[in-house]
Each structure stands twice: as structure tokens, then as C-alpha cells.
Amino acid sequence: MTNTSEKIGGKKFMWDKGYYSTEAEAKEKMDEYEKDGFETRFVKEEGKFLVYTRRIVTEIVLEEGGQPL
Amino acid sequence: MKGSVLIIGAGPAGMRASAELLDQGFKVILVEEKPTIGGKMAQIDKMFPSNECSTCTILPRMLELTSDPNMTIVAFAEVKSIDGKAGDFKVKVVKNPRYVDPMKCTACTDCFPVCPVGEVPMEFNFGRGASKAIYFYSPFPPRKALIDPEKCTYILEGKCGDKEIPPCVEACKPEAIVFDQKPVEAEFNVGAVILATGMDEMKTKSLETFGYGQFPNILTALEYERLLSGLGPTGGVIKRDDKKEPQSVAWYVLSNPSPVGFMTAVAEAMGTIERNPHASVSVFYEDMNLVRDDYDDFYKKAKESKINFIKTDCISVAEGKEGNVDISYDKESFNAEMLVLVPPYAANESTLKLAEKIGLELDEWGFFSKKTEDFHPIHTSKEGIFVCGSAQEPKGVDDAIVQACSAASHAAALLASSRGKELVAPPEKDILPVKPEDEPETLAVICRCGINIAGFLDMEEVIEYTKSLPHVKHVELTPFGCDGVAIRELLKTKKFNRLVIGACSPKTHEDLFFLHTEMGGLNRYLMEIVNLRNHCTWVHSTDKQKATEKAKTLMRMGVNRATMLESLEDIHVLVTPACLVIGGTPSGIACALKLGQAGLDVYLVEKESDLSKAKENKNRFVEKMIDGLDKNEKVKIYTEARVGKIEGFVGNFKVEIVKPTGKENIDVGSIVVATPVDMRAESDNGDFEKDLLLQRDDKNFFVGMLGILNPLDFNTDGVYKCGPARKVMGIPDAIIDGEGTASRVAGVISKKELVKSPTISFVVDEKCDGCAYCIEPCPAQAFTLIEYMQEGSVKKTVEVNEAICRGCGVCMATCPKEGIFVWHFKPEYFKEMINSVAGSE
């Protein structure tokens, strides 16, 4: 079963839940994500290409309602 | 050049110097004249000025040392000679006969009840309490029996009662008793020597003037400590020899150049009030000598506790009625039910003998503080032989710890070329592979702890009950679980994949039980400790039936939790072998120089144009150190520079140095703060205090890690403080501080990698929605909020920095979605434990 998250180069990346048949297809998707400021990586698994992304959030806004119990 | 160090004296200073050197890759031979280690710290109840329990603090450190494969502890032994020179000493040690082979003795205590010689006064308790002629010297390691040759009738008369074979020999199953044991000489080859022989109360004739030895119920401070101690002859209840609990106790602190005497009286008086809030407690003193702010704070706190402090030039003492003591002072009189004398301190007998044997000079009190040519307090009149702790001059435990670290840094610098060369590799681990789906096969080992547990529980009932619990395949009763014999041998059969130890507190014994578990071949995280001693027998010592019922409940909780445990692997973090020292103060210079001499890379950052401010102190040793820095290729000095932004964690910090010519980035594994109190870190270029999560107190000094054994540590791993960053101090102390910090740093950056516990936070990505409630409460700032793409949407989660997460569990408690847990402490484990209680009979 594919891991939802992967540690790649010491950083946590999350799987976008897509299966890409070719490397070119995966890279096309990665370019799309990178335009929005995401770091991207791909992993080959059982003949399919999986794309992982991450983007650090610098401004943290907590959910309304304050600290949960 | 040898890679081993001889340390003489196993009190707090000797033990700490040992631990520091082991951590830096040196082998250690620790020689102690008494049969057990710990020194005076093992005899006292609480330590000033933090009021921490001495036993709770020192026992875990003792157990760590005794289980290190590169540590040789030679207890009940004396150093006969030290020949040779710095880097290559030949040491002869004479081991005194115990009449019990320590390699065979299992500490089962079967020999004690059969020994017909009783009422032997206990030396460890200064004659109070009684043992048999075969006994344990103290409750501390090494826990091996010994025979008192002056009391044992078989040794004295060649027979024990009318029996040809002494009953102790018949009772000893491992055949450990050896009546013809003779002193044995051992030889060691070491590169450096550290003297940590401590101090003693001066029990001279002058004490008789105050009734000591003349009238009843007059004790010295150290004798009184044994009455305060929970492991003492009265179990921590203050009693006179006539069993009466005194309602009025007085102290008299004899004239003493050191603050240790007065502070000891304050700590003991507070301990007395803690036990009996209605007691009348008075301290007579000539001088306080409160040289530290925290000593002054401790004294003020004592005053608030209704302790009377009476300054007087002298008191006179007369025998009162019913064993009381009549005290006269300044035309006043006072009646106490007990008087505690605090005499001045002097070097102990063994220090004097040792100095003579190895030709070292002493001062007028017999301490190794004779001024050497270079005026360095750690140096002795012989190169390669260093001194620390109260063997140098009387001091409190925290000051002794700093000096021990400094002495270790001197030895490490001297033997730098031999670091790691004599180390023994730990034994290969043959760990049983255990998968989560494997059926639990549980081994339960229940410790008698002498009589500490067995004396207060119905052991048969606890054992039979534990046998009936699910998945329990075998229950073993052992005299002392901490010796690891039963645990290792049973686990080596590979019949068990879970271990439950019914013994004492994980706080003191977890690391030791981890070690025994892995030596037996089981992953350490498949082991569960049930604290029968503290939670049952100590707190319910007067109700055996209820204590037994509670023990059964706790065993049930432990066994059920153990079935859910999973194997975990340690985390390895690579280390950058370099250090940043912030501040060209005498402490910063001393730290940088010792690290450079130890062959480790150092960057020293100073805001002034040169180190002239440090030179302004006109201290010969500081000038010599600055010359040493200039010549040391391992030290790079940045002047007119500031520290900018700092990122990273222990072993891997990235630091920006802001120079007049621009910025430079360096990588270091550790950081030392040696800046004066008035030098704030904040600037336009960054704020290292904020980056490193440092805090200051109301006097603007940096707040360090809690605990008397951690004076140089911050809560941020890999970051240390010394000298003016810590408190006001003179130049000699500032130098010792800096050198001590060098030892702490070397323990990090002399390693290729750090091994970290896997009990850290884990994010359950399926449940975490990035609400970020865990981020701000995390004391280590180990979380980063990240966004990611999933099925066409932007989602959020958190990332844990494994290197800095400490597994405190604050995130787990904060998360409203069960989206994070700490390995080994999963919520379902706790649920199972609670269900074990709720569903009990």
C-alpha cells in the first residue's frame, strides 16, 4: 500500500493520491504544483509514478473557537 | 599516550568526571575506598540550594556508570602508587578483602538471617542502625555483600557457634563466600589522573567542647543527614537514640571559611520542618558566608519557614534533663532535645595518605588547593594529575559538578590523540524479531528489592495472581531485578516477546532495565516497568493487604499494556564536529581553548575589535589562554562580529556570523553562550536567544536546565552556558566554568552521530488536518505546518523535526483529532490500562 507521506531528503512530503503512467506525466503535474510554490518529488512504485508535494506555511491562523478541550 | 583515565573517589565529582570522559570516548577506572559508590552525596538527604532529593538524583547516575562497558569500578580499594608521567601513568591499586566473591554474589541476602552475629553498628550510618557480620555496606551499587572481619566469629576464632561449616556458607547457593580472601593488587596504565577524594567533617577535640561524645543527642550534621534520609536507620523519621522524636532541634555552625557548613544547617533545618511543622528549629551561627545569590535566596526561604537564625560568637553546652541539651549564648539560654554540630571541613584521611604516596602538595587544611605556578584551581603540582570537587576545597554539589566537568576537559585535552582508542565495543545485540501481529508471550519478573518490596507485600499472592493474567507464560521472583541476572538469562531462551518488571521507579531504573532487556535479546520497548516499590510498598507500608491488592492491580495494568507494545528502533542523527562559542569572555576563551586543545573545531565570536576586554582583567591565566588561542589552529576567532540567525538542532546548527565585511555561514554541532549579562542577542541581523529558545531570569541571567547536576546545560539540546551568562563569578571560577562547558560540548561533537530515543511524536496523516493547535504549545518548537496537494485540493498537516522532538506528549494532549501520538505512549495503551482498572474484580 502506498504511503501517504514520505520522508525524502529529510523532509516530509505528502502524496497527491494520483498514479501517473509515465515520468513525463508526473513531471508535468509537478510543474503545475511548483507554479503554486510547492516543493515536489516523484517516486516510482510498481511501474507507476507517484508525486509528492509540500509547502511551508509561515502564517498560522488557528481555527475559530479557540483552543480545543 | 593512553586513552584511559584514573579517577580516585566516587562521590558526585568523581562520578561526573567519569561520565563526562566516557561520553567523550575515554575509558575510565574509578577507584573508591568505600565498598559502595556515591560518596557523601549518597549519605545526605537533600541538597542545597535546590532542595532536591539526593538519592533520587544520584542513583540513576550510579546505575548508568555501573552498566557502561568502558567503566571499571574498583570499590573497597586504595591507590598504592602512581608512577610515570602525564600521558603514561602506571597505577597500583590494592583491593581490600570482602570475604565474598563479588563476581558470584547475587545479592540474594540468604546469608544475612543465618549469621548469628547481630547488632553490628553500621558504618554508613555512623554507627546507627545494626547489621549482621555479613551485610551490605549501603543501599547503593555495587550491591555485593561483604563480611566485617572484626565481627565475624569464623574469621576471629575459626568457628561459627558450634558448627564446622559457617551457616552463611551453607546458605550461599552461588558459593560466593571466601574466608581466605587476601588483599589483591591490580595494575592499570592510564594517561591522566583525576583526584576527587572529597572532604570530611573535622571531628577534632574541639567538638567535645560542645558536648559531642560527652552528652547524648548531640550529633554532627552528616550524622543527622542519615536520620533525615528515607534510606537511613530510622527510615527518614527523626529520632533520638532513645527513640523519642525531638520537638526542638538546634544547629550550631562552627566558624567555617566555606558557606557549605551554614547551607548544610539551613537544608537540614528545612528538612526537619518539612517532617514536623510544629518543631522548634534554631540555627546558631558565627558566619553565614553566603557567597551566592541562590544561597541567599535559600536562606531567606528558610527564614520564612519559621526557622530561628541566631548569630552568636559562641555557644556553651551542658547536659540537660531527660537527654536534652542546655545551650547558653550571649547571656541567653535555650533548651533543645537535640543539638546538631556543623564542624569545619577538612580533607579526609585517604586524601592525606594519597598525597603522601604520590608526592602532591596540600594546603593547610589538607586540600589539593595548594597554589600551582599557573594559579589554576584544577591543576596539582604534578602534570597530568588534576583535582576537582571538595578535594580541592569544600563546595556544594553543583560547584563540584562544574569542576568535575572542567577536570574532564583537562584530561580529554591531554589525551586527545588517544580518544576512542581503548574503548571496548558494546556486545553485539541478538534481538528477537517481534511483529505487531505476533501473539504476546509475556515474561514477568518480580523483584524482592531485598525487603523493600518483599517485606511489605504478600509476594506469593502477587506471583500467583500475575501467573493468571493473559499472555503471561512465566513469573520469576528475583532478589534484585537491577542486577539483571534473571532478566537476561530468561530472555535469552527466546521464549518470550514481552517483559514486565515489577520493581521500582522507571525514573531511576528505566535505562538500566532497557540495557538488561536488550542484553537478553528483546527490543527494549517491549518492556514495561511496574513501580511496586514506590507506588505500593513505600506509600502503603503499614497496610500489607491493601498494598498487595494495589500491586495486583498495577501488575494487571502493566501486563495488559505490555501486550500492546511495539518494537522501536533508535534514531541516529549525524553530528557536525564543530562548536560556536558566543562571547570572548574569560569563560568563552577557556571553553574555546580546551575544545581546540582537544582537537575539535571552534568558532569564537566576539563583538569587540579584539579580545582586549578579557585582557583588561590582568589575570595571568587569561593572558596565557589568549596566547594559546592564537596558536591553536583549531580555533577561528571572529572579532567585531555578531551572531545572526541560527537554525537547526543538536548536532546540526546553521549559524550566520555578521562581520564588518559581510555575512558568513558556518555549520556547528553545538553552541556555547558565554556572553555578559548586559549583552542582548537581538539585533537587526537576528536574535540567537529567540532562535535557540533561551530565556532569562529576573536578574537577566540565562535560565538553564533544572536540576543540580545540570548547571551548564540549557533545555535546548546541544546548547550550553558558562561564566557571565550564568551568574556573577570571579575569573578563576569563570575559567573553570568555560572549561566545564567544553567537556559538555565535547560529549556532543566528538561523536560521529547521536543516538536518540524513538519515543517521539508521530503524525497520523489520515487524521491530522493541520489545525495547528499543536504548534505553539510544543516546548521544543519541533513542528512545522505544511500544505500539500491532494486530489486537487490544498490540504494541511504538520511535520515533526525528529531531532529536536523530546516526546513530551504536549502535542498529543493538545490535538483534538487524535492526529498525533508519541511512540511507546499511544492513547490506546492508556485506554487499555484504564480498562484494566475499571474492569477489575
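Visitor: To begin with salt bridges, which side chain meets that of Glu20(B) in a salt bridge?

Guide: Please keep in mind that this is a predicted model. The side chain of Glu20(B) meets that of Arg744(B) in a salt bridge, with 2.8 Å from N to O. This pair links distant parts of the chain: Glu20(B) belongs to helix H1 (residues 12-23) of chain B, Arg744(B) to helix H21 (residues 731-749) of chain B, and the two residues are 724 apart. Over all chains, the structure holds 51 salt bridges.

Visitor: How many salt bridges are there between chain B and chain A?

Guide: The count between these two chains is three. In one salt bridge, the side chain of Glu799(B) meets that of Arg54(A) at 2.9 Å, N to O.

Visitor: How should I read the size of the interface, and what area is buried between chain B and chain A?

Guide: The size of an interface is often expressed as the accessible area lost when the parts come together. Here the area buried between chain B and chain A is about 2100 Å², and carbon and sulfur atoms give 56% of this area. Tyr773(B), Glu787(B) and Met789(B) supply 31% of the area that chain B buries against chain A, more than any other three residues. Counted by residues, 25 of chain B are in contact with 24 of chain A.

Visitor: How many residue pairs are in polar contact between the two chains, and which elements of chain B take part in the interface?

Guide: Between chain B and chain A there are eleven residue pairs in polar contact, both residues being at pLDDT 80 or more. The elements that give two or more residues to the side of chain B touching chain A are strand E40 (783-790) and strand E41 (793-800) of chain B. E40(B) gives the most to this side, with seven residues. By class, the side of chain B that touches chain A has 14 nonpolar, four polar and seven charged residues.

Visitor: Which strand of chain A is joined to E40(B), and in what sense do the two run, parallel or antiparallel?

Guide: Strand E4 (residues 48-56) of chain A is joined to E40(B) by two bridges, and the strands run antiparallel. Across this pairing, Arg55(A) stands opposite Glu787(B) of E40(B). Glu787(B) has already been named among the three residues that supply 31% of the area chain B buries against chain A.

Visitor: How many bridges pair E40(B) with E41(B)?

Guide: Eight bridges pair E40(B) and E41(B), in the antiparallel sense. For example, Thr784(B) has Glu799(B) in E41(B) as its bridge partner. Glu799(B) is also the residue whose side chain meets Arg54(A) in a salt bridge.

Visitor: What should I look for in backbone geometry, and which residue in this hairpin takes a positive phi?

Guide: Most residues other than glycine have a negative phi, and most peptide bonds are trans. In the hairpin of E40(B) and E41(B), with two residues between the strands, Glu791(B) takes a positive phi near 50°. Glu46(A) lies in the loop between strand E3 (39-45) and E4 of chain A.

Visitor: Where in chain B is a cis peptide bond found?

Guide: A cis peptide bond joins Phe48(B) and Pro49(B), with omega about -5°. Pro49(B) is in the loop between strand E3 (46-47) and strand E4 (52-53) of chain B. A cis peptide bond also joins Pro141(B) and Pro142(B), with omega about -10°. Pro142(B) is in the loop between strand E10 (134-135) and strand E11 (146-147) of chain B.

Conventions:
Residues are numbered from 1 along each chain as its sequence is written. Chains are lettered from A and ligands numbered from 1 in the order in which they are written. This is a predicted model: local features need pLDDT of at least 70, side-chain atom pairs count only at pLDDT 80 or more; totals for chains, interfaces and linings use all residues. Side-chain values use heavy atoms; hydrogens and water are left out. Contact means heavy atoms within 4.5 Å. Buried area is the accessible area (1.4 Å probe) that two parts lose on being put together, summed over both. A salt bridge is a side-chain nitrogen of Lys or Arg within 4 Å of a carboxyl oxygen of Asp or Glu. A polar contact is a pair of N or O atoms within 3.5 Å; within protein, one must be able to donate a hydrogen and the other to accept it, and residues adjacent in sequence count only if both atoms are side-chain atoms. Helices (H or I, at least four residues) and strands (E, at least two) are DSSP runs, numbered from the N terminus. Ala, Val, Leu, Ile, Met, Phe, Trp, Tyr, Cys and Pro count as nonpolar, Asp, Glu, Lys and Arg as charged, and the others, Gly among them, as polar. Two strands pair if DSSP finds at least two bridges between them.
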